[in-house]
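Hi,

Here is the structure I promised to pass on. Have a look at it first, and my notes follow below.

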Amino acid sequence: MYVDSDIIKNLQVKYGPMKQLKVLLHLLGGEKEVARAKLVDEGVGVDRMFHGYVGDVFQLAEPIHPRVWKAIVPQKMAGACKEDMVVLHGTGYSSCSWRVRIALALKGIPFKNVPVNLKTLSQKNEEFLRINPMGQVPALCIDGLVLTQSVAILEYLEESRPAHPLLPAGLRERALVRRIVETIASGIQPHQNFAGGTVPPGIPEKYKVAWEWEWGKMWIEKGFQGLEQMVKESSGKYCVGDAITLADVCLVPQVYNAKVAKVDMTAYPTLVKVNDALLELDAFRDTHPSLY
Ligand SMILES: N[C@@H](CCC(=O)N[C@@H](CS)C(=O)NCC(=O)O)C(=O)O
């Protein structure tokens, strides 16, 4: 795990030098030299502590108790999520992360992007699970809160920052926006979330990746057949009328995924038209996966 200066200081204050070293070594997976370097960096005199001690006792027999975690970590979490900071933990090509980047851009909210590497399963490591217990991106630190679930994040942004609205004023139009959002966020994306999670038991290892791509493609195509009809009914320039809404925020990343999955988009002319119009706009272009 990433151990920063705050964590080391908390360890020392809480536990004194010996326990600090023990817990630190545990956090660092037993990497003695890394622990030593970190302590030296923090101005902690390490030689006496290491002498004759680290050899046998450096691995904690028990996992760290949640109470101990809490004692070490709150400052770090608070530090990472101060009132005046907006930090997005996301992945460039993740469609759910891109939704949030687009909304932040449309609302003119500057943010710091902290990349999470899905290929190395960083979203499942202990540190990230404390940010999002679902082990998925995105997570957004804003107003001192850690928010997860991209649609919940979009709704929060809309409610807390009503300028540049992304939901229409009319009740009917709002429902049209939400049905598109829901179709994408619940009806399509979860089935094509390429993380190994959709592969049923029994598929041999060497076919897993191919299986997942075919499965994802099938769900995107199935979903796009319905979505094409919906957007045809409600669109003007964009998904619902001529104003940009949360439906557009969700559409563009999903079309991007469809292209990655080699879906033949000629069957969905309305989706292509709206997607192309949206990709003309800075908020969509400047947050594109290729730039993150
Ligand atoms: N409903 C969640 C879905 C999040 C999700 O599926 N994220 C994907 C990337 S778009 C992910 O983290 N995949 C890796 C995994 O599930 O381990 C949301 O909208 O935030």
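**What I found**

L121 is partly exposed, with a relative accessible area of 46% (buried means under 20%, exposed over 50% and partly exposed in between, with a 1.4 Å probe and protein chains only). Before you read on: this is a predicted model, where local features need pLDDT of at least 70 and side-chain atom pairs count only at pLDDT 80 or more, while totals for chains, interfaces and linings use all residues. Residues are numbered from 1 along each chain as its sequence is written, and side-chain values use heavy atoms, with hydrogens and water left out.

Back to L121: its phi is near 60°, a positive value in a residue other than glycine, and it sits in the loop between strand 2 and helix 8. (Helices, H or I of at least four residues, and strands, E of at least two, are DSSP runs numbered from the N terminus.) K262 also has a positive phi, near 60°; K262 is in the loop between helix 12 (246-260) and helix 13 (269-278) and is exposed, at 67% relative accessibility. Most residues other than glycine have a negative phi, and most peptide bonds are trans. The bond from V137 to P138 is cis, with omega near 5°, and P138 lies in the loop between helix 8 (126-131) and strand 3.

Strand 3 (residues 139-142) runs antiparallel to strand 4 over 4 bridges, and A139 has T148 as its bridge partner in strand 4.

Last, the ligand. It is surrounded by 15 residues, the closest being Q123, K124, V137, Q149 and S150 (a residue counts if one of its heavy atoms lies within 4 Å). A ligand oxygen is 2.6 Å from an N or O atom in the side chain of S150, and a ligand nitrogen is 2.8 Å from a polar backbone atom of V137. Helix 7 gives the most to the shell around the ligand, with 3 residues.

Cheers

Conventions
Two strands pair if DSSP finds at least two bridges between them. A polar contact is a pair of N or O atoms within 3.5 Å; within protein, one must be able to donate a hydrogen and the other to accept it, and residues adjacent in sequence count only if both atoms are side-chain atoms.
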